[in-house]
Amino acid sequence: MGGSDYMKRYVKKLFNNLGYEIRRANNKEVFWQIDTAFNNLYEEAQMKTQMKATDNILRRQRHYTLSYLLKNIDLKSGDICELGCWRGLSAYQIASYIRQKNEKVDFYVFDSFQGLSEIRQVDRYEYDKRNPDNIRKQFACSLESVQGNLREFNFINYYKGWIIILGKNWTKICQK
Ligand SMILES: C[S@@+](CC[C@H](N)C(=O)[O-])C[C@H]1O[C@@H](n2cnc3c(N)ncnc32)[C@H](O)[C@@H]1O
């Protein structure tokens, strides 16, 4: 065994004793990591919607869940609607899926295209020092930009307005 192997074993043991486990960073172990079709589409969607720079594991996992949900719906049984698209990353994935399945599905995208609605005290955690207006505007992307990002899907219907949650089962879209 070479010197570097000893060193690796020593470091591994040291971390184990401290209660940590060392693993290779590029180890692919879970579904969302080994699903090549999903990851290729996700990369493409990120490029088309200017989201590459903010790629992160949690978002990727969330979008893997979306891809899983899509595979489990019956496209013939109704329309698809997304409430809140930002730059269109998730909409890109949904639209790609509809296109791939070659189904006649109406896809509706609703958004203020001005960012988040008013942030109330209940929406914030106690020590959040961030300026609420900055948080709201962080998710703003104009309708024209989103339409540009998703221009290859001519079956998307866009609705600009504020979504108001009225109660448990009711959501109202106010056109503005
Ligand atoms: C976190 S982003 C959505 C991300 C997107 N679903 C994705 O995965 O790529 C939230 C979006 O919801 C929109 N939004 C939030 N509250 C809204 C409201 N009350 N009415 C309309 N749009 C709203 C924002 O403009 C923003 O585009």
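## Around the ligand

In this predicted model, 13 residues surround the ligand, and the closest are Gly84, Leu89, Ser90, Ser117 and Ile163. A residue is near a molecule if its C-beta atom, placed from the backbone, lies within 6 Å of it. H5 and E3 are the elements that give two or more residues to this shell. Helices (H or I, at least four residues) and strands (E, at least two) are DSSP runs, numbered from the N terminus.

By class, the shell has 7 nonpolar, 5 polar and 1 charged residues. Ala, Val, Leu, Ile, Met, Phe, Trp, Tyr, Cys and Pro count as nonpolar, Asp, Glu, Lys and Arg as charged, and the others, Gly among them, as polar.

## Strand E2 and its partners

Strand E2 covers residues 107-111. E2 pairs with strand E1 (residues 80-83) in the parallel sense over 4 bridges, and Glu82 stands opposite Val109 in E2. Strand E3 (residues 156-165) also pairs with E2 in the parallel sense, over 5 bridges, with Tyr108 opposite Asn157 in E3. Two strands pair if DSSP finds at least two bridges between them.

E1, helix H5 (residues 89-101) and E2 form a right-handed β-α-β unit. Right-handed means that, with the strands pointing away from the viewer, the path from the first strand over the helix to the second runs clockwise.

Trp32 is found in helix H2 (residues 31-34). Trp32 counts as partly exposed because it has 18 C-beta neighbours inside 10 Å; a residue is buried with 20 or more other C-beta atoms within 10 Å of its own, exposed with 12 or fewer, and partly exposed in between, with C-beta atoms placed from the backbone. Leaving aside neighbours within four places in sequence, Trp32 is in contact (C-beta atoms, placed from the backbone, within 7 Å) with Phe38, Arg60, Gln61 and Tyr64.

Arg136 lies in helix H6 (residues 132-138). Its 16 C-beta neighbours inside 10 Å are why Arg136 counts as partly exposed. Beyond four places in sequence, Arg136 is in contact with Gly115, Leu116 and Ile119.

## Confidence and numbering

The protein has a mean pLDDT (the predictor's confidence in each residue, from 0 to 100) of 91, and 95% of its residues reach 70 or more. Confidence is lowest in strand E4 (residues 171-175), at a mean of 66, and highest in helix H7 (residues 143-149), at 98. Where pLDDT is low, the predicted coordinates should not be read in detail.

Residues are numbered from 1 along each chain as its sequence is written. As this is a predicted model, local features need pLDDT of at least 70 and side-chain atom pairs count only at pLDDT 80 or more, while totals for chains, interfaces and linings use all residues.

Key. Contact = placed C-beta atoms within 7 Å.
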